[in-house]
Amino acid sequence: MEEHGNAAMRLAPGRMVKDSCPFPFAVNHLNDLSDGYGDMRANNPVPRVVLPSGDPAYLITRYADAQAVLADRRFSANISRPEAARLREGPDGNLSNPFSDDRAWHIRWRRLMALGLNPRVVERAHGPIQEIAHELAAEMAAMTPPVDLLEAYATRLPVEAICVFLGIPPLDRAKIRRCVDALGTSSAADFEERAEAGREMWEYGASLIAYKRDEPGDDLVTSLIAAHDEEDGKLSEEELVLSFMALIVGNNISTAQQIGQGVFTLLCNPDQLAALRADRDLLPGAIEELLRVTPIYTGLPRFATEDIEVGGVLIPRNATVLVVRQSAHQDDTWIEAPEVCDIKRTNANRHLAFGYGHSFCIGAAFARLQLRCAFTALMDRFPALELAVPESEVGWSYRLMGSGATAIPVTW
Ligand code: HEM
């Protein structure tokens with residue numbers, strides 16, 4: 001995966017971002033980024049930037065503007081169109097749901113998907129997912145510290161969990177992980193591998209669906225095949241495979257980063273970790289606060305289908321905007337003392353980690369379940385978990401896609 005740090009302007013605290021500044025910003029430390037976004041929210045909340053592909057885009061940095069954009073259908077979530085800014089540099093274009101412009105289709109699709117992904121159904125997977133988390137924690141405990149928490153634990157759990165949830169046999173899980181890793185890349189150099197992974201996943205999804213038609217199981221693929229709405233409209237073959245791909249891709253990278261970075265944040269805030277260890281009932285609220293404070297660099301892209309004013313700036317038709325959740329999460333118009341991680345807050349769940357509006361993450365309940373199981377197993381297995389390096393030595397990559405900590409070395 002590529003870095004864009006060298007090409008980008010250094011984002012120093014107090015320095016205004018001028019129009020057409022390269023994005024992602026190059027920063028040495030997360031705090032630089034917070035200060036820089038603070039300046040933007042105050043003075044230049046919708047800056048125009050240039051992406052590594054050379055295409056321009058607008059950043060949305062304030063919370064209220066972020067909500068407004070995500071709730072506005074005139075901002076389309078479909079960025080796989082020729083006019084949209086290229087988030088990837090290869091010839092394969094952007095990855096997004098090509099049907100999301102069709103409102104009726106999107107609503108129906110989400111309703112059918114929700115039948116298998118609502119909190120009540122998802123909760124039934126608690127036992128198996130907790131077991132996986134305990135097993136992975138035990139495997140990590142058998143390693144010699146220091147280990148990279150991302151590699152040893154955080155990236156492994158979502159693959160195992162989604163495979164169990166979807167009904168993917170254990171033997172196929174290595175293939176799924178390889179494909180997901182390739183699909184998460186954005187550089188031109190990875191184009192061939194990415195395209196091949198896309199084809200492989202599509203074929204695999206189609207064959208799994210065919211298999212589950214003959215051999216139904218107690219899993220999400222089986223329930224999606226059976227799902228139908230009042231008009232008895234079922235998901236077509238193509239929609240089923242598309243949904244399969246969306247679930248695998250949607251789950252893996254985000255959940256892995258959120259597990260890893262959530263643990264990182266707790267290790268950097270030992271008082272919060274101690275409070276959580278002392279009272280596990282705080283876990284659901286802690287997860288919301290960690291989703292808020294955990295740096296999620298990747299902006300949510302939207303395409304302006306007409307001229308629209310946001311935060312006093314006219315976004316022209318055909319422009320691309322990136323909703324910067326990391327900045328919105330630090331906006332003190334909705335959250336008091338945003339720089340403080342406080343797992344006892346009661347309003348952290350207004351964060352935008354899962355998006356907002358009509359494209360709100362359809363897997364949020366499953367993501368929350370995985371986070372709950374992941375943190376529980378780690379607290380159970382590692383009473384003295386700590387960072388193996390000073391906090392400032394943990395490396396971060398700032399990319400348009402798949403950004404986050406590069407490694408989180410831990411010891412116990
Ligand atoms: C902590 C983990 C996760 C995070 C932070 C996350 C974040 C998001 C966000 C921000 C969106 C909205 C994108 C947009 O508005 O452009 C989204 C959509 C989506 N997510 Fe997640 N997600 C997570 C886990 C999952 C899981 C576990 C699944 C599947 C089981 C999933 C499947 C999806 C799908 C299918 C969509 C598209 C919804 C639509 O187009 O209507 N995500 N996710």
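**View 1. An open sheet of six strands runs in the order S1-S2-S3-S9-S6-S4, with mixed pairing.** Strands S1 (21-22) and S4 (75-76) are at the edges with a single partner strand each, so one side of each has no neighbour in the sheet. The model is predicted: local features need pLDDT of at least 70 and side-chain atom pairs count only at pLDDT 80 or more, while totals for chains, interfaces and linings use all residues. Residues are numbered from 1 along each chain as its sequence is written, and side-chain values use heavy atoms, with hydrogens and water left out. Helices (H or I, at least four residues) and strands (E, at least two) are DSSP runs numbered from the N terminus; two strands pair if DSSP finds at least two bridges between them. In total the chain has 15 helices and 13 strands.

**View 2. Strand S9 (residues 320-323) is covered on both faces.** Thr320 and Leu322 lie on one side, Val321 and Val323 on the other, and all are buried (buried means under 20% relative accessible area, exposed over 50%, partly exposed in between, with a 1.4 Å probe and protein chains only). Strand S3 (residues 56-60) runs parallel to S9 and is joined to S9 by three bridges, with Ile60 opposite Val323. Strand S6 (residues 300-304) runs antiparallel to S9 and is joined to S9 by four bridges. Phe303 stands opposite Thr320, and Pro301 stands opposite Leu322.

**View 3. Strand S2 (residues 48-50) and S3 form an antiparallel pair over three bridges.** Val50 stands opposite Pro56 in S3. Five residues lie between the two strands of this hairpin, in which Gly54 takes a positive phi near 95 degrees. Four of the five residues of S3 are buried, and the strand is mostly covered.

**View 4. Cys361 is the only protein donor of the iron atom of the ligand.** The SG atom of Cys361 is at 2.3 Å from the iron. Donors are N, O and S atoms within 2.8 Å of the metal (3.2 Å for Na, K and Ca); water is not among the atoms, so sites may look incomplete. Cys361 is placed in the loop between helix H14 (325-328) and helix H15 (364-381).

**View 5. Phe23, Met140 and Tyr153 touch the most other members of the largest nonpolar core, which has 109 residues.** A nonpolar core is a set of buried Ala, Val, Leu, Ile, Met, Phe, Trp, Tyr and Cys residues joined through side-chain atoms within 4.5 Å. Leaving aside residues up to four places away in sequence, Met140 touches Val147, Leu149, Ala152, Tyr153, Leu378, Phe382, Leu385, Val410 and Trp412. Of the 412 residues of the chain, 55% count as buried. Among contacts (heavy atoms within 4.5 Å) between residues at least 6 apart in sequence, 70% join residues at least 24 apart.

**View 6. Helix H7 (residues 156-166) is largely enclosed by the rest of the structure, because eight of its 11 residues are buried.** The buried residues of H7 are Leu157, Pro158, Val159, Ala161, Ile162, Cys163, Phe165 and Leu166.

**View 7. Helix H13 (residues 283-293) is mostly covered, with nine of its 11 residues buried.** These buried residues are Leu283, Ala286, Ile287, Glu288, Glu289, Leu290, Leu291, Arg292 and Val293. Their cover includes H11, H12 and H15.

**View 8. The largest cavity holds about 90 Å³ of space.** On a 1 Å grid over the protein atoms alone, a cavity is a set of points where a 1.4 Å probe fits but cannot get out, and lining residues have an atom within 4 Å of a point. Grid points are joined across faces, edges and corners, and a volume is the space filled by probe spheres set on the points. The count by this rule is two cavities of 30 Å³ or more. Lining the largest cavity are Val263, Leu266, Leu267, Leu273, Arg277, Phe375, Leu378, Met379 and Leu385. Helix H11 (237-268), helix H12 (270-278) and H15 each supply at least two residues of this lining.

Conventions:
On a 1 Å grid over the protein atoms alone, a cavity is a set of points where a 1.4 Å probe fits but cannot get out, and a pocket is an open set with protein on both sides within 12 Å along at least five of seven lines; lining residues have an atom within 4 Å of a point.
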